[in-house]
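I opened this model to go through its chain contact, its ligand shell, its cores and a few strands. My entries follow in the order in which I looked things up.

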Amino acid sequence: MANLALRSLTKSYGSTEVLHGISLDVADGEFVVFVGPSGCGKSTTLRMIAGLEETTSGIIEIGGREVNNLEPKERDIAMVFQNYAIYPHMSVKKNIAFGLRSSNMPKPDKEKRIREVAGILDMVDLLDRKPSQLSGGQRQRVAIGRAMVRDPAVFLFDEPLSNLDAQLRTQMRLEIKKLHQRVGNTIIFVTHDQVEAMTMADRIVIMKDGHIQQVGTPDEVFHSPANTFVARFIGAPSMNLLDGHLDGASVTLAGGQEVTVPALRGGGIRKVQLGVRPDDLHPGSANPIITGKVTLREPLGAETLIYVDTPSGEIIAKADGRTPPQVGETVELGADPENLHVFDVASGAALS
Amino acid sequence: MTDIAPSADTLLIAKPAPRSRNLGQIIRWLLLFIGGVAMVMPIAYMISTSLKWPHEVYNVNLIPKEPTIENYTYVLEDGRFYWWFVNSIIIATITTICNLLFDSLVGYTLCKFRFPGRQIVFIAILSTLMIPTEMLVIPWYLMSQSFGWLDSYWGIMFPGLMTAFGTFLMKQFFESVPDDFIEAARIDGLNELQIWWTVAMPLVKPALAALAIFVFLGNWTAFLWPLIVTNSVDMYTIPVGLSGFGDEADVAWELIMTGAAISTIPTLIVFLIFQRFIIRGVVMAGLKG
Ligand SMILES: Nc1ncnc2c1ncn2[C@@H]1O[C@H](COP(=O)(O)OP(=O)(O)OP(=O)(O)O)[C@@H](O)[C@H]1O
Ligand SMILES: [Mg+2]
């Protein structure tokens with residue numbers, strides 16, 4: 001087990017730079033999730049940590065040791081791939097044993113270790129099967145087993161769940177998290193699914209276009225997004241962003257409503273966006289912000305999502321599931337002041 | 001397996017148009033029958049001729065009037081045929097193994113590694129496909145002469161130890177091996193040669209089997225180059241040796257056909273062995289998807 005550090009990591013393909021200075025410290029045993037839209041550089045970063053991709057500049061340290069010039073096998077890492085990368089021509093056991101090929105462990109110990117891992121992953125009965133005789137979830141577990149068997153300092157996962165159906169994904173998510181609590185190795189997990197990130201991570205790294213947007217616990221990135229990108233990316237449905245002007249401590253929206261926002265950093269007069277999550281925005285709140293006409297309802301059972309046409313555009317709010325407003329009804333939406341976010345339009349950065 | 005679908009739609013469509021369907025069926029069977037006969041006839045005549053006495057050879061009857069196995073005893077007891085058979089086996093086997101190794105090594109490298117000049121190397125290899133053997137035998141001969149390779153196994157084998165076709169075939173098949181497999185093995189600490197051998201090669205077994213059949217048959221039946229490069233009767237391969245059976249005045253067809261019949265046995269064995277891999281490979285690929 002070991003900590004991991006990335007220092008001003010960049011990566012260029014030819015003359016195009018795709019990663020622009022990634023710096024990050026990961027503590028020993030931490031579960032860190034990289035999340036971001038397609039093409040933002042998550043896989044590239046992970047592959048550089050693994051040693052499958054050269055670093056253009058910057059330093060990678062694993063366990064305090066610079067590994068830039070080490071081969072993948074010398075870095076004490078293991079990686080689980082999106083397509084499992086388990087070999088169809090080998091049995092489950094051989095596949096798991098593959099992770100130990102280059103170790104000089106005596107044979108009986110290897111055997112014991114394989115059994116142990118199969119036990120943890122609950123697949124002792126499957127050891128003699130071929131991958132073609134396994135379900136998707138079981139194949140993924142074999143891939144995890146092959147990574148685990150060496151007890152590496154750092155586990156790297158590149159979207160390991162995206163080939164599974166929704167139900168299995170939820171189940172594997174839980175299993176990986178339990179596994180982490182049990183074995184305690186450092187994990188770097190890449191996904192483009194913010195729910196996966198929120199549910200599994202100790203800390204989330206949100207990336208966009210080769211830049212880190214924010215690093216924080218799930219709580220931090222959800223409740224204090226650093227900018228509009230993070231605000232919209234985390235949480236579903238996405239945060240509503242309403243255009244307005246900041247003047248001192250209050251924001252004036254397009255429709256003329258004035259909203260007071262507590263704890264603003266850097267006042268002055270400027271264009272801003274007022275952010276409020278649909279979960280926090282309700283009809284008939286004590287602190288009304290905006291009025292509009294309901295255009296669509298989406299019942300979710302306990303609650304109903306309502307789409308409301310307002311002077312600031314269409315926004316989404318959450319209403320009670322039993323007595324939601326009718327389509328066509330005019331509603332007054334409001335939110336508690338501490339759930340309001342203000343972002344600078346020019347930079348996108350949070351001001352609250 | 002495949003006739004499940006036609007029979008199912010026979011149930012639905014057969015009633016309105018049974019006549020035209022039957023006619024189509026008959027034509028199809030007829031074509032297949034003609035094709036089958038065309039394939040089988042030469043083999044039937046080969047076997048039939050090998051069982052005839054010399055005076056009956058020029059009769060077209062398929063069943064010999066007085067069948068004999070005299071030709072077989074003659075050919076098998078003739079020391080020359082024995083040596084040609086051994087030569088052919090050695091040459092075809094070594095060439096096949098070399099092709100499997102070298103073609104797949106080069107194909108793998110061209111497919112999975114990015115290096116400067118990769119495209120050029122690939123195109124250079126492919127372009128050799130355009131040059132017919134007939135154009136190459138003279139340079140090969142001159143080369144063999146200068147190196148002293150005439151009339152030796154090496155001389156017969158060297159032009160075919162690696163083929164552009166095989167390299168191309170293997171490169172295309174290695175495309176189907178996911179890069180993830182290779183990278184996973186790299187992380188697990190295998191070196192590149194081990195990855196090629198333990199991960200990539202087993203996954204392209206069907207292609208290797210097909211290549212093995214092609215190369216073996218190609219070398220087993222090769223005539224022009226072995227004829228040119230060999231001088232002594234002991235170095236002949238079967239096709240070269242058989243062509244000279246009999247004396248100047250009279251070609252001994254019954255002996256040639258006997259030798260040919262015997263020499264089909266190894267090719268049948270090779271085909272039966274490797275064909276199984278091809279079928280199994282197809283099944284495996286089907287399960288993967
Ligand atoms: N071999 C390559 N050559 C050139 N550009 C590349 C190469 N590999 C990746 N890129 C570029 O690098 C950027 C980051 O790619 P990367 O695969 O890391 O994205 P990602 O965040 O993993 O996306 P996804 O969620 O789709 O997997 C992309 O813009 C991609 O086009
Ligand atoms: Mg990716």
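I began with the contact between the chains. Chain A puts 18 residues into it and chain B puts 16. Two residues are in contact here if their C-beta atoms, placed from the backbone, lie within 7 Å. The model is predicted: local features need pLDDT of at least 70, side-chain atom pairs count only at pLDDT 80 or more, and totals for chains, interfaces and linings use all residues. Residues are numbered from 1 along each chain as its sequence is written, and chains are lettered from A and ligands numbered from 1 in the order in which they are written.

Next I took the chain B side that touches chain A. The elements giving two or more residues to this side are α9 (179-187), α10 (192-203) and α14 (253-288) of chain B. α9(B) gives the most, six residues. Helices (H or I, at least four residues) and strands (E, at least two) are DSSP runs, numbered from the N terminus. I sorted this side into ten nonpolar, five charged and one polar residue. Ala, Val, Leu, Ile, Met, Phe, Trp, Tyr, Cys and Pro count as nonpolar, Asp, Glu, Lys and Arg as charged, and the others, Gly among them, as polar.

I then looked up Met79(A). Leaving out residues up to four places away in sequence, Met79(A) touches Ala50(A), Ala147(A), Leu156(A) and Asp158(A), and also Ala184(B) and Ile187(B). In the largest nonpolar core, of 131 residues, Met79(A), Val33(A), Leu156(A) and Ile188(A) touch the most other members. A core is a set of buried Ala, Val, Leu, Ile, Met, Phe, Trp, Tyr and Cys residues joined through C-beta atoms within 7 Å. Buried means that 20 or more other C-beta atoms lie within 10 Å of the residue's own, placed from the backbone. Helix α11 (residues 205-220) of chain B gives this core its largest share, eight residues.

Which residues surround ligand 1? I listed Tyr13(A), Val18(A), Gly36(A), Ser38(A), Gly39(A), Cys40(A), Gly41(A), Lys42(A), Ser43(A), Thr44(A) and His192(A) (C-beta atom, placed from the backbone, within 6 Å). Helix α1 (residues 42-50) of chain A supplies the largest share, three residues. The shell has seven polar, three nonpolar and one charged residue.

Last, I followed the strands. β3 (residues 31-35) and β9 (residues 203-208) of chain A pair in the parallel sense over four bridges; a pair needs at least two DSSP bridges. Val35(A) has Ile206(A) as its bridge partner. β9(A) also pairs with β10 (residues 211-216) of chain A, in the antiparallel sense, over five bridges. There, Val205(A) stands opposite Val215(A).

Definitions and conventions. Buried ≥ 20, exposed ≤ 12 C-beta atoms within 10 Å, placed from the backbone.
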